[in-house]
Amino acid sequence: GTIFAYGQTGSGKTHSMMGSGDDHGIIPKMNDELFDALAKIEGGENDRKSLVTVSYLEIYNEVIKDLLNPSDKQLKIREHPDMGIYVQSLAELVVRSASDVTKLIEQGNSVRKVAATQMNERSSRSHSCFTIKVEQKEVENVGEIRKEKILKSKINLVDLAGSERASKTGATGDRLKEGAAINKSLSALGNVINFLAEGKKGHIPYRDSKLTR
């Protein structure tokens, strides 16, 4: 599944995703419930085990960067017959608790692209996608036959940069270019969502931006 957080200001999006103080956002609440649920179902007669991994990427001016393994390397989107769409060389780290997840999010946020505009002094200039993968494995004995079942699931938590009108932000040069890239990807996302909502058959324009693909 995918969860989007969107707002005109960086503070609104950050609060929705992370919260503040005792007012927890989407990610802390989901993390707590996820690890509580896994703790309850692990073990048992079927010896169920789970593995949780996370990755965190940034899309800035249609360029993908790894926020958990920061470098100047521009990551490429690839397609695999079994894996589907994935980002090549994106770091995936094993986590064992909700606090592990929170630390990695804070680590990634410290390197995200931010710049000042007249509208918002800490305006986020990039989209980010924090992905949590959960793999569950259990063994079932049916007579003399030992069966192993594997269930894989993935949650994408997407923090969208807010669209901004150049006339209001006073953006020029690189800031204006960033705004154009943000608006292009948000427009592509809107087109994809509208197409899916209408339920029409035909080409879905996922490839129109790195965000939608």
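Predicted model: local features only at pLDDT ≥ 70, side-chain atom pairs only at ≥ 80, totals over all residues.
## The chain as a whole

Let's start with the big picture. The protein chain has 213 residues, and 38% of them count as buried.

What about contacts along the sequence? Take those in the protein chain with a separation of 6 or more: 59% of them are between residues 24 or more positions apart.

## Two helices side by side

Two packed helices are described by the angle between their axes and the distance between the axes. Here, helix H2 covers residues 26-41 and helix H3 covers residues 98-109; they pack at an angle of about 150°, and their axes lie 9 Å apart. Since angles over 145 degrees count as roughly antiparallel, that makes H2 roughly antiparallel to H3. The crossing of H2 and H3 is right-handed.

Which residues do the touching? From H2 come Ile 27, Asn 31, Asp 32 and Phe 35, and they meet Ala 98, Val 101, Thr 102 and Ile 105 of H3. Sorted by type, the residues of this H2–H3 contact come out as 5 nonpolar, 2 polar and 1 charged.

Now for the strands. E11 (residues 127-142) and E12 (residues 145-159) run antiparallel, with 15 bridges joining them. Within this pairing, Glu 140 sits opposite Lys 147 of E12.

What links the strands? The hairpin of E11 and E12 has 2 residues between the strands, and Gly 143 takes a positive phi near 65° there.

Note on methods
Residues numbered from 1 in each chain as written. Heavy atoms only, no water. Pairing = 2+ DSSP bridges. Helix = DSSP H or I, 4+ residues; strand = E, 2+ residues; numbered from the N terminus. Axes fitted to C-alpha atoms, helices over the stretch in contact; angles between N-to-C directions. Parallel < 35°, antiparallel > 145°, perpendicular 65-115°, else oblique. Left-handed = near helix turned anticlockwise from the far one by under 90°. Contact = heavy atoms within 4.5 Å. Nonpolar A, V, L, I, M, F, W, Y, C, P; charged D, E, K, R; others polar. Buried < 20%, exposed > 50% of the residue type's maximum accessible area, 1.4 Å probe, protein only.
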